[in-house]
Amino acid sequence: MRKLMAAILLFATLPLAAGGGDFLQRMHLGAEWGLSANLVDYHHFNYLDSSIGFRIDDSGWRGHYTQLGFVRLTLGCDVSRFVSICVSGSYEGISRGRRIMPVSLRAGLFPSGVHEEGIFFFSEAGTGMRRNERGVRLYQLGSGYRIVLDARRSLDFKLGAQVSHDRPRVWDPVEEEYIPERNILRNNAWYYALNMAVALEF
């Protein structure tokens, strides 16, 4: 997580280091809207249940469908004719009742060229924080199609597979209350989803 945050901060300071000029011509802003279909998740909880005096180890897969939404703002840079990278901030849901505001770093490969119409591929990694909780990590791979509107603007249609790693609070279904954090030994949850998005870059 620290390496990712360091990479994001380095990217954000590149325009200052480059001194403007041609570099700024390769910078672009973007806005993205999309839907996330959460299809399956996995959890592994290990905790001490004070009410019964035992350690509980609970894990398993669960298949379901949960529709979530997200919005994202991006700052990108065309590092070559075929490669673009961007840093983004978003507001999104990763599971029912879980909303985060992650910061992500994305790399895109455009076989026809960044400023040309055609298919592209991307990979993304991010981290999000919630108050008094440990960080959430997100990873995504996908592809899309770019429609060039003019010299500076383009419209992208994207489809991606996303995995999110969360450290949620643990619910005790017997006592109907959350397990105190001091009693939690492990609280890992993984959410697997398909993302569909439309993005405008300019």
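Visitor: Is Arg-106 buried or exposed?
Guide: This is a predicted model, in which local features need pLDDT of at least 70, side-chain atom pairs count only at pLDDT 80 or more, and totals for chains, interfaces and linings use all residues. Residues are numbered from 1 along each chain as its sequence is written, and side-chain values use heavy atoms, with hydrogens and water left out. Buried means under 20% relative accessible area, exposed over 50%, and partly exposed in between (1.4 Å probe, protein chains only). Because its relative accessibility is 7%, Arg-106 is buried.

Visitor: Which residue forms a salt bridge with Arg-106, at 3.2 Å between the closest N and O atoms?
Guide: A salt bridge is a side-chain nitrogen of Lys or Arg within 4 Å of a carboxyl oxygen of Asp or Glu. Here the closest N and O atoms are 3.2 Å apart, and the partner of Arg-106 is Glu-124.

Visitor: How many residues apart are Glu-124 and Arg-106?
Guide: Strands (E, at least two residues) and helices (H or I, at least four) are DSSP runs, numbered from the N terminus. Arg-106 belongs to strand β5 (residues 103-109) and Glu-124 to strand β6 (residues 118-128), so the pair links distant parts of the chain. Their separation is 18 residues.

Visitor: What is the relative accessibility of Glu-124?
Guide: Glu-124 counts as buried. The value is 9%.

Visitor: What is the N to O distance between Asp-156 and Arg-146?
Guide: Asp-156 and Arg-146 are both buried. Their side chains meet in a salt bridge, with an N to O distance of 2.8 Å.

Visitor: How many salt bridges are there by this rule?
Guide: The rule is the 4 Å cut-off between nitrogen and carboxyl oxygen. Applied here, the count is 11.

Visitor: With which side chain does the side chain of Gln-162 make a polar contact?
Guide: A polar contact is a pair of N or O atoms within 3.5 Å; within protein, one must be able to donate a hydrogen and the other to accept it, and residues adjacent in sequence count only if both atoms are side-chain atoms. Gln-162 is found in strand β8 and is buried, with a relative accessible area of 5%. The contact is at 3.1 Å, and the partner is Asn-195.
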